[in-house]
Amino acid sequence: MLDQIPYLPYVLSAFIGIGLAAASGFRVFLPMFVVSLASYFHWIPMSESFEWLSSLPALLTTGIAMIAEILAYYIPFVDHLLDTVSVPMATVAGSILFASQFADLGTFPQWALALIAGGGTAATISSGFAGIRAASTATTGGLGNSVVGTTETAGAGIMSVLAMAAPFIAAIFAVISLVLVILFGRKAWRKLKNIKKLNSSNP
């Protein structure tokens with residue numbers, strides 16, 4: 001029945017890609033590790049051009065990078081250093097994971113769609129959380145940053161699993177995450193600007 005629905009494979013691929021891209025916005029390497037692990041054990045198919053993600057070196061590399069990234073966000077000052085590079089890294093990771101779901105589209109449309117949908121989703125979530133963390137540091141002295149970091153890690157894990165197990169739900173969660181991050185991220189950046197103005201006017 002479902003096989004007769006036109007373009008269903010592309011719709012499912014889009015849902016999976018958006019879910020993985022959103023996960024990359026929370027954490028760069030966790031979704032890449034999950035995809036590498038799932039493809040290494042043949043739980044999910046992987047197109048020929050992305051077979052490198054299924055390799056043991058890719059699995060080990062993404063696993064080590066994932067652990068290092070998660071732990072680093074609990075270290076004061078280091079978390080802010082990571083935020084300076086997280087947006088471009090998340091954009092790349094989100095684009096790659098999104099593109100991996102559309103290998104049969106052709107190179108140009110595959111990567112154009114990946115950069116716009118996948119990279120854009122990941123970059124928006126990543127930049128939003130960077131603002132939230134900066135505001136947390138300014139208002140709590142960094143005490144609330146561990147909560148922000150834990151939320152990001154949990155979001156990345158949940159979105160990664162949902163993207164492969166329940167793509168439609170993952171896509172809904174991705175949209176909800178985007179809306180919430182944009183709202184709270186903008187509010188956080190505005191609060192940060194107001195704090196900087198107060199500090200500059202009260203030397």
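## Cavity

By class, the lining of the largest cavity is made up of 5 nonpolar, 4 polar and 5 charged residues. The model is a predicted one, and the count comes to 1 cavity of 30 Å³ or more. The space in the largest cavity is about 60 Å³.

The lining of the largest cavity consists of 14 residues, and those closest to its centre are Gly 25, Phe 26, Tyr 73, Ser 86 and Ser 126. Helices α1, α4 and α5 (107-140) are the elements that each give two or more residues to this lining.

## Helices α1 and α4

Two packed helices are described by the angle between their axes and the distance between the axes. For helix α1 (residues 8-26) and helix α4 (residues 78-99), the axes come within 8 Å and cross at roughly 160°. Angles over 145 degrees count as roughly antiparallel, and α1 and α4 are therefore roughly antiparallel to each other. Their crossing is right-handed.

On the α1 side the contact involves Ala 14, Gly 17, Ile 18, Leu 20, Ala 21, Ser 24 and Gly 25, which meet Ala 90, Ala 93, Gly 94, Leu 97 and Phe 98 in α4. The contact of α1 with α4 has 8 nonpolar and 4 polar residues, with no charged residues. Gly 25 of this contact is also among the residues closest to the centre of the largest cavity.

## Helices α1 and α6

The axes of α1 and helix α6 (residues 145-165) come within 8 Å and cross at roughly 165°. α1 and α6 are therefore roughly antiparallel to each other. The crossing of α1 past α6 is left-handed.

From α1, the contact uses Ile 16, Gly 19, Leu 20, Ala 22, Ala 23 and Phe 26; from α6, Glu 152, Gly 155, Ala 156, Met 159, Ser 160 and Ala 163. By class, the contact of α1 with α6 has 8 nonpolar, 3 polar and 1 charged residues. Leu 20 takes part in the α1 contact with α6 and in the α1 contact with α4. Phe 26, in the contact with α6, is also listed among the residues closest to the centre of the largest cavity.

## Helices α2 and α4

The axes of helix α2 (residues 29-40) and α4 come within 10 Å and cross at roughly 25°. Angles under 35 degrees count as roughly parallel, so α2 is roughly parallel to α4. The crossing of α2 and α4 is left-handed.

Phe 29, Pro 31, Met 32 and Val 35 in α2 meet Met 89, Ala 93, Ile 96 and Leu 97 in α4. This contact has 8 nonpolar residues, with no polar and no charged ones. Ala 93 and Leu 97 of α4 meet residues of α2 and also residues of α1.

Conventions
Residues are numbered from 1 along each chain as its sequence is written. This is a predicted model: local features need pLDDT of at least 70, side-chain atom pairs count only at pLDDT 80 or more; totals for chains, interfaces and linings use all residues. Side-chain values use heavy atoms; hydrogens and water are left out. Axes are lines fitted to C-alpha atoms, for helices over the stretch in contact, and angles run from 0 to 180 degrees between N-to-C directions. Helices (H or I, at least four residues) and strands (E, at least two) are DSSP runs, numbered from the N terminus. Angles under 35 degrees count as roughly parallel, over 145 as roughly antiparallel, 65 to 115 as roughly perpendicular and the rest as oblique. A crossing is left-handed if the near helix is turned anticlockwise from the far one by less than a right angle, and right-handed if clockwise. Contact means heavy atoms within 4.5 Å. Ala, Val, Leu, Ile, Met, Phe, Trp, Tyr, Cys and Pro count as nonpolar, Asp, Glu, Lys and Arg as charged, and the others, Gly among them, as polar. On a 1 Å grid over the protein atoms alone, a cavity is a set of points where a 1.4 Å probe fits but cannot get out, and a pocket is an open set with protein on both sides within 12 Å along at least five of seven lines; lining residues have an atom within 4 Å of a point. Grid points are joined across faces, edges and corners, and a volume is the space filled by probe spheres set on the points.
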